[in-house]
Structure formats: structure tokens, C-alpha cells
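Here is a chain to look over together.

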Amino acid sequence: MDTNFSAEDLAFRQQVEQFYDDNFDDDLVSRLLDRRQFRDAIIEWQQRLFRQGWVAPGWPEEYGGTGWTLTQKFIFEDVRASKGAPDVIPFGLIMVGPVIYTFGNDEQKERFLPRILNSEDWWCQGYSEPGAGSDLAALQTKAERDGDDYVVNGAKIWTTYAQYADWIFCLVRTSNEGKKQEGISFLLIDMKSPGITVNPIPTIDGVHSLNEVQFDNVRVPAANLIGEENKGWTYAKALLQHERTSIAGVGDSKKKLATIREQAGREQSNGAPMIEDPMFSARLAGIEIDLMALEYLELRSLASAADGKGPGTESSLLKLRGTEIRQALDELHMDLAGYYAGTELGEQLASELGHDFADRARNSYMYGRAATIFGGSNEVQRNITAKYVLGL
Ligand SMILES: Cc1cc2nc3c(=O)[nH]c(=O)nc-3n(C[C@H](O)[C@H](O)[C@H](O)COP(=O)(O)OP(=O)(O)OC[C@H]3O[C@@H](n4cnc5c(N)ncnc54)[C@H](O)[C@@H]3O)c2cc1C
């Protein structure tokens with residue numbers, strides 16, 4: 001594999017960097033960091049990307065994708081992370097969008113895709129249930145046909161950003177015949193439908209992003225069914241592979257590693273820079289090597305996707321290693337922050353002590369514990385790898 005970029009690719013990188021310098025401004029950054037302003041700020045950011053035509057690099061050009069080469073997509077993602085910009089909210093653009101353009105009918109494509117692209121609709125993912133997480137096919141939320149509608153009853157859980165969502169894409173049980181995977185359908189549900197209740201689940205990082213969503217006799221037009229009834233499992237599996245590939249987070253981990261290295265090089269109020277500690281720098285170097293290996297795995301996966309093969313079972317490896325590396329970096333960052341990570345220092349004192357990163361290190365560490373659970377737990381990714389990659 002030739003890893004040198006061509007002159008065209010380097011020019012493309014410059015163009016992307018310029019776009020970020022012009023559009024990802026300090027005001028937007030501070031609004032993205034403020035939880036009360038986050039929703040509006042991320043929508044505004046996605047709309048800036050949309051106006052530039054860059055919001056959905058993974059989509060085919062005919063539906064609004066960029067038509068970029070594999071290398072251009074890689075460069076775009078690398079620049080995004082290096083600028084510290086957030087990824088797009090995945091539920092519309094990365095998850096349900098591809099399901100709709102792959103398995104939906106023309107009417108559904110026309111109705112939903114433009115509104116996903118311009119961030120008019122916020123989507124959330126209704127897969128997990130109190131009794132169905134890793135064993136997703138055990139899901140019990142029922143959809144019964146009644147005339148031109150389905151009537152939905154049950155509950156979804158851990159639904160990220162359901163409190164903001166206009167729509168939820170759900171896996172629902174439409175049959176109890178045969179294997180449990182065979183009676184599942186993929187339904188698009190308007191969150192404003194009567195009978196839907198959203199209950200918040202605050203998490204250890206002090207943030208409200210998770211929810212339980214209850215469905216009590218919710219009527220959903222049968223026109224909102226994707227593909228065929230009872231074939232939802234096939235569509236869901238395709239989506240999960242996109243989800244896992246996109247949560248490897250190589251670019252973000254590279255950015256975090258560079259940040260930790262810079263901060264560890266600073267003079268400490270209570271001693272020599274941490275980078276001079278051989279144990280600390282050996283850990284940093286170890287993670288950097290693992291991250292480089294992961295980057296090459298991602299490039300291989302992208303190359304096979306470019307050959308039309310789609311993300312395969314290697315997306316499980318990407319998810320597994322990507323989240324382990326993310327957690328290793330979070331732990332290193334916490335160690336760097338030392339006991340300051342356990343206190344609410346306040347901005348001024350933290351800055352005076354040279355530990356202005358302690359709060360962020362702690363919050364990232366707290367939320368990051370979830371990374372080995374969501375998108376399919378890492379234990380389950382190991383099972384998939386054992387079976388389909390190693391053939392055990
Ligand atoms: C922050 C966060 C955001 C999320 N967002 C969403 C969302 O937006 N939409 C959504 O639908 N879901 C979401 N989820 C749910 C997520 O997909 C599930 O938590 C995940 O699939 C695991 O299911 P569970 O929590 O029921 O755990 P369980 O399946 O009960 O697993 C418990 C433990 O047992 C292990 N285990 C289970 N089965 C096996 C096995 N066969 N072999 C070995 N070990 C096993 C697991 O690895 C885990 O350690 C989110 C979760 C988190 C933490």
C-alpha cells in the first residue's frame with residue numbers, strides 16, 4: 001500500500017483545512033461545549049457542512065454524497081478530528097439514512113433523505129430494550145397490524161438523544177413464528193405520535209443523553225415500514241456494521257494522544273513534566289503504536305468498502321480495538337490530571353495550577369466507560385470475531 005498522498009490529495013487537505021478554519025469558529029465551539037446550547041449548535045454545524053455539500057461523505061452521490069475517493073474521505077475525517085470538531089450525530093446520517101436509501105421505497109427516500117441531509121429531522125435509535133441488549137433479537141416491543149396502521153406497544157431503553165428527536169427508527173416484533181430473528185420489522189415512528197413517553201436516564205458524567213422511550217398504543221402508518229415485514233433483522237445487521245466502523249474513533253484518539261503529549265510536556269506546579277517519567281512515556285508510546293495499527297486496519301476496511309464489499313466483520317475488530325484504545329487514553333489523561341481530576345477546580349484555579357484539562361479528562365473518562373458497551377458490547381464483538389474472522 002502506498003501511503004504517500006498525491007499532490008491532488010494534499011490540495012484537497014488544504015481545502016478542507018481552510019473550510020474548518022473559516023467555519024468551525026470559537027463561538028460555535030463554546031456553544032457545542034455548553035450542554036444547554038448543544039442541540040442547536042450541532043444542528044448549525046451540520047447545516048454548515050450540508051451547505052458545503054460535505055455532510056454525508058459515506059452516501060452515494062445520487063442521494064447527496066460527495067463522490068469522494070477513499071483517500072479523500074480519510075483525509076476529511078483526519079482533518080475533522082485534528083481540528084477538534086465533533087462528528088455528526090450518527091442516527092440520521094450514519095445509521096437510518098443508509099438503511100432508507102438501501103432498503104426503502106422511492107416515496108420513503110424522497111420524504112426522509114433530504115430532511116436527514118439538512119438536519120431538519122433529528123433521529124434516534126430504538127433497538128435496545130430492558131430485556132434485549134446483546135441478545136437484541138429477544139426484543140418484545142410489539143407492532144400489530146390494524147387497517148393501514150401498526151399499533152405499537154412496549155419500551156425501548158438507552159435511547160440516545162430521544163429527548164431531542166423528531167423521529168425514531170425501531171426494531172419491532174411483528175411475528176412470534178419461527179426463529180426470533182424472523183419476526184422482526186424495521187419501523188419509522190414520528191416521536192410526536194400520541195402514546196409516546198420519553199423518560200430521562202442521567203449518567204455518571206452528569207449528562208442527560210440517555211432515555212427510556214415508552215410506546216402505549218402508538219399508531220404508525222404502515223407506509224413507514226422499511227422493506228418487507230419480518231425482514232427487519234437483515235436491515236438492522238447492515239446498519240450495525242456501519243455503526244461499529246464509525247465508532248472506531250481513530251482520528252479523535254489521535255487528537256487526544258497529541259493533546260496528552262502536549263499537556264504532559266508542561267512544567268508542573270508540583271514537579272517535573274510527566275513526559276519525563278519513563279513509565280508514563282512508555283504507556284503513551286504503547287498506545288500510540290496500538291493506534292497506528294488500528295489506523296491501518298481502518299484503511300484496509302475502507303479499501304474493501306471501496307471495492308464494493310461494504311463494511312464486513314472487521315468492523316467488530318475496529319469497534320473493539322478503537323474503544324479499548326480510547327479508554328486507555330482516558331485513563332492516561334486521568335493519571336496526568338492526578339488528584340485534580342477528582343475535584344471541581346473551577347476554570348480559574350485549574351488554569352493557575354496548570355490543570356485546565358482536569359474537568360474534561362474526568363468527564364471524558366466517565367462517559368468513555370460506556371464505549372465498550374454501546375454499539376454492541378466488546379465481549380460480543382469478541383464472539384463475532386472468534387466465529388467469523390478466526391473461524392472458531
Ligand atoms: C451510552 C450508551 C448509549 C446507548 N445508546 C443506544 C441507542 O441510542 N439506542 C439503542 O438502541 N441502544 C443504545 N445503547 C444500548 C446498547 O446497545 C446496549 O447497552 C448494549 O447492546 C448491551 O446491552 P445491555 O446493556 O442490555 O447489556 P447485556 O446484554 O445485559 O450485557 C451485560 C453484560 O454481559 C455481557 N454479555 C452479554 N451477552 C454475552 C455473550 N453472549 N457472551 C459474552 N458476554 C456477554 C455483555 O458484554 C455485558 O458485559 C446505548 C448504551 C450506552 C451505554
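**Labels and the values behind them**

Q: Why is F215 called buried?
A: F215 has 24 C-beta neighbours inside 10 Å, and the cut-off for buried is 20 or more, so F215 counts as buried. Keep in mind that this is a predicted model.

Q: Where does F215 sit, and what does F215 touch?
A: F215 belongs to strand β7 (residues 210–221). Leaving out residues up to four places away in sequence, F215 touches T141, V152, N153, G154, A155, G195 and I196. As for V172, 43 residues separate F215 from V172 in sequence, and their C-alpha atoms are 11 Å apart in space.

Q: What makes Y161 partly exposed?
A: Y161 has 19 other C-beta atoms within 10 Å. Buried takes 20 or more and exposed takes 12 or fewer, so Y161 falls in between and is partly exposed. Y161 is in the loop between β3 (149–157) and β4 (167–173), and has a positive phi of about 60° although Y161 is not a glycine.

Q: Why does N230 count as partly exposed?
A: The count for N230 is 17 C-beta neighbours inside 10 Å. N230 lies in the loop between β8 (225–226) and α7 (232–246). Its phi is positive too, near 70°, in a residue other than glycine.

Q: How do you know that the radius of gyration agrees with a compact globule?
A: For 392 residues, a compact globule would have a radius of gyration near 21 Å, and the chain has 22 Å, so the two agree. Along its principal axes, the C-alpha trace spans about 75 × 50 × 50 Å. Buried residues come to 34% of the 392 residues.

Q: How much of the contact count comes from residues 24 or more positions apart?
A: Among contacts in the chain with a separation of 6 or more, 70% are between residues 24 or more positions apart.

Q: What does the chain divide into?
A: The secondary structure comes to 13 helices and 8 strands. The domain assignment gives domain 1 (7–88), domain 2 (122–230) and domain 3 (247–389). The C-alpha centres of domain 1 and domain 2 lie 30 Å apart.

Q: How do you know that the span of α4 is close to the expected one?
A: Helix α4 (residues 70–82) has 13 residues and reaches 18 Å from its first C-alpha to its last, and 18 Å is expected at 1.5 Å a residue. Its buried residues are F74, I75, F76, V79, R80 and A81. Just after α4 comes G84, with a positive phi of about 75°.

Q: What describes the packing of two helices, and what are the values for α4 and α8?
A: Two packed helices are described by the angle between their axes and the distance between the axes. The axes of α4 and helix α8 (residues 250–264) cross at roughly 35° and come within 8 Å. The crossing of α4 over α8 is right-handed. E77, D78, R80, A81 and S82 of α4 make the contact with G251, D252, K254 and K255 of α8.

Q: How do α10 and α12 pack?
A: Helix α10 (residues 314–337) and helix α12 (residues 358–368) have axes 9 Å apart, at an angle of about 145°. This crossing is left-handed. On the α10 side, the residues in contact include R326, D330 and M334, and on the α12 side they include A358, A361 and Y365.

Methods. Residues are numbered from 1 along each chain as its sequence is written. This is a predicted model: local features need pLDDT of at least 70, side-chain atom pairs count only at pLDDT 80 or more; totals for chains, interfaces and linings use all residues. Helices (H or I, at least four residues) and strands (E, at least two) are DSSP runs, numbered from the N terminus. The radius of gyration is taken over C-alpha atoms; the globule rule is 2.2 Å times the number of residues to the power 0.38. Two residues are in contact if their C-beta atoms, placed from the backbone, lie within 7 Å. Domain bounds come from an automatic or database domain assignment. The expected span of a helix is 1.5 Å times one less than its number of residues. Axes are lines fitted to C-alpha atoms, for helices over the stretch in contact, and angles run from 0 to 180 degrees between N-to-C directions. A crossing is left-handed if the near helix is turned anticlockwise from the far one by less than a right angle, and right-handed if clockwise.
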